[in-house]
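Here is a short note for someone opening this structure for the first time. Please keep the sequence and the model side by side while reading.

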Amino acid sequence: MSAELVVRPTYGNWRRPRRPGLGPLGLVGTFGVFGGLVLTLLVSLFSLVAAIAVMVPLVILLAPLTVRTQDGRNLYQLLALRIGWFRRRAKGSHTYVSGPLSQRPGGRFRPPGMLSRVTMSEGRDAYDRPFGVLHHPARNLYTIVLGCEPDGGSLVDPDQVDIWVASWGHWLARLSHEPQLRGASVIVETAPDPGTRLANEVLPRIREDAPAAAQAVMREVVERYPSASSEMHTYIALTYGVPAGQKRQQSDIITELAIRVPGLLAGLVGAGGGTAYPLSAERIAEVVRVAYDPAVAGEVLSVRAQQGSTNLEWEDAGPAATYEAVNAYQHDSGVSRTWMLTLAPRGTVHSNVLRGLLEAAPGTRRKRVALIYRPIDPATSARIVEADRRAAQFMATSGKGMVQARAASEVQAAEQTAAEEAAGAGLVEFSLMVTVTVDSQEQLADAAVTVRNLQAAARLSLRPADRMQAAAFACTLPVGLLPWEHTFIPQALQEAL
């Protein structure tokens, strides 16, 4: 008898988008170099001193473009980040106070920062289920939020896991064909179980005529079980835009989104999402409320269990006060720090590579892992794939030694990507952000160690979102904030730099 070799499927071939231009200069720096050389040569025909006077400032201006950090930012971008931080501190924008005692009109607790102008509406899908619609007026974007309860990977056959992974990839590829979809984010939130749900289920069922020992055992279970358990929630936020030049009524957009919701939910169920459902406006407000004030999580669950509804509105989902520091974000009863992805896993990984990162972390009040996706339409995907393929082949034929060997591996990866894209696979840009919330500033050091250990196990490279902690915190909420849609510098100019 011969034993059949079982090979676990691996996943990988993530490629960082190539920046146009020569090396680290970028497109703007490349044009500056060639333009400066031409100008210097023309000036040198008249005076060598004048040519030197032109070349020296040019070198000084272009030198910062050649220095790149681990996440690909040059010195000018780092300087712009620090200037923006100092300007916010000078204006007092790093602090936020709401409510009746604040100077803000209305006296309500609206979410701060990039969520301050967001409005909430509600619609109903084909099955008469309510779903909330967040409107971002600055970019005229609309966001719907879906919730699901994914099936765990424990005690599941590897073949079934592979089917779920393939179905999830198909669902992501389908997003490229969603009309006017600007981006999607998957948020996995974990927190210690407050025990409210268990208490609401068990305590009312204890009969007064039951033996005293049995009653004591049940109450002890309710008291001790939450300390060893955690709750996990998964949200998918889909953000849609309105075509330029079109003026559409908000009611028409909500009706169109209502038609799409059932199909999106069916795809999530097939990808191992378990029970999938749209989040109502009230549920979205509750998620944001608990994120800014973790201490009220038990109260929110208790009110919902007893009354069936909290009647919480979006205008009251924000915190009473926040304070943004360089490396932390204080909000009501919690202190948070957010990390951003700088490098995806190199090589190949198994399907459970993110399992430790997604599970609840001990010593934290709440933890959110946000995977942000930017689907690319098929026409643009074909151009990107072919451009990467030609660039990899050029590097392989022009390099020597170790450079040529590494370039040969790049050629193989580019060829595989081109073949998969030609077969119908979708091309998606993605990033990852991790937010950890603790009770006090002193616990952030332990949280940083926890995240460092988790990222090592997941083979990721993360860095803190220093000087933009408030914005990064909001991006990990299921509210549809897409970072590239909320930048002051146009996306085309960012890619050129």
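This is a predicted model: local features need pLDDT of at least 70, side-chain atom pairs count only at pLDDT 80 or more; totals for chains, interfaces and linings use all residues.

1. Residues are numbered from 1 along each chain as its sequence is written, and side-chain values use heavy atoms, with hydrogens and water left out.

2. The protein has 15 helices and 15 strands; these are DSSP runs, H or I of at least four residues for helices and E of at least two for strands, numbered from the N terminus.

3. Of its 497 residues, 41% are buried, meaning under 20% relative accessible area with a 1.4 Å probe, protein chains only. Among contacts (heavy atoms within 4.5 Å) with a separation of 6 or more, 78% link residues 24 or more positions apart.

4. Helix α2 covers residues 48-62. Its 15 residues span 21 Å from first C-alpha to last, close to the expected 21 Å, which is 1.5 Å times one less than the number of residues. At its start, a side-chain oxygen of Ser-47 comes to within 3.4 Å of the backbone nitrogen of Val-49.

5. Ser-309 sits in the loop between α9 (297-307) and β9 (321-324). Is Ser-309 buried or exposed? Ser-309 counts as buried because its relative accessible area is 19%. Not counting residues up to four places away in sequence, Ser-309 touches Glu-282, Val-303 and Arg-304. The side chains of Ser-309 and Glu-282 are 2.5 Å apart in a polar contact. Here a polar contact is a pair of N or O atoms within 3.5 Å; within protein, one must be able to donate a hydrogen and the other to accept it, and residues adjacent in sequence count only if both atoms are side-chain atoms.

Technical notes
Buried means under 20% relative accessible area, exposed over 50%, partly exposed in between (1.4 Å probe, protein chains only).
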